[in-house]
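Look over the sequence and the structure first.

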Amino acid sequence: MAVLGIRMFGDPILRQRASEVGEITDLHRKLIANMIETMHEAPGVGLAAPQVGVLERIFVYAVDETVGAIINPEIIVHSQEKETDIEGCLSLPGLSYPVERAVSVTIRGLDENGEPVEIDADGLLAVVFQHEFDHLDGVLFIDHLPGDMRKEALRTLRDQALGLTVPSFAPAPEERL
Ligand code: NI
């Protein structure tokens, strides 16, 4: 297994839509094992394939001792009820902002062996599923912020890119998705 490089904000791959996986092969299983190792090493609680430069609809997660991968995920139920929690992202180091998400979701997809999975999630797991699912459509958590907060986030990212500031703090591990 290997720790993979994580693509950072500004890399165009983070803004592209990932493709559905056709046949699941040993290469996918190897990618998933490497993504899990990369997520643990970060450390973080979720990681989507585009974040390691692969435009396929796959993500991994690790919440409360449960580690898994979902291929071709679909969120089939979003609760009406919403909740706001602090989120960060491994591709946007140093940023964390409150994001409003559905409190619970039901997700459906395939595991690394091609077996169908369906999971009812709430709490952090529901946040991770929504955040990682977004990555597969080229959506980043800052896209969900209200205008002023989003502008501040983009300013911070620009200053980092220009080398004017370095990420001065890292979000807590459970806020890195
Ligand atoms: Ni992320």
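Gly 138 comes after helix H2 and has a positive phi, near 75 degrees. This is a predicted model, where local features need pLDDT of at least 70, side-chain atom pairs count only at pLDDT 80 or more, and totals for chains, interfaces and linings use all residues. Residues are numbered from 1 along each chain as its sequence is written, and side-chain values use heavy atoms, with hydrogens and water left out.

**Helix H2**
- H2 has 14 residues and spans 21 Å from first C-alpha to last.
- That is close to the 20 Å expected at 1.5 Å a residue (1.5 Å times one less than the number of residues).
- Helices are DSSP runs of H or I with at least four residues, strands are E runs of at least two, and both are numbered from the N terminus.
- Twelve of the 14 residues of H2 are buried, so the rest of the structure largely encloses it (buried means under 20% relative accessible area, with a 1.4 Å probe and protein chains only).
- Among the buried residues of H2 are Leu 125, Phe 129, Phe 133 and Leu 136.

**The cavity**
- The structure holds one cavity of 30 Å³ or more (a set of points on a 1 Å grid over the protein atoms alone where a 1.4 Å probe fits but cannot get out).
- The largest cavity has a volume of about 50 Å³, the space filled by probe spheres set on the points, which are joined across faces, edges and corners.

**Its lining**
- Residues lining the largest cavity include Glu 83, Asp 85, Arg 101 and Val 127 (lining residues have an atom within 4 Å of a point).
- Strand E4 (82–87), strand E5 (97–102) and helix H2 (123–136) each supply at least two lining residues.
- E5 gives the most, with three.

Note on methods:
1 Å grid on protein atoms, 1.4 Å probe; cavity = no way out; pocket = protein on both sides within 12 Å on 5 of 7 lines; lining within 4 Å. Buried < 20%, exposed > 50% of the residue type's maximum accessible area, 1.4 Å probe, protein only.
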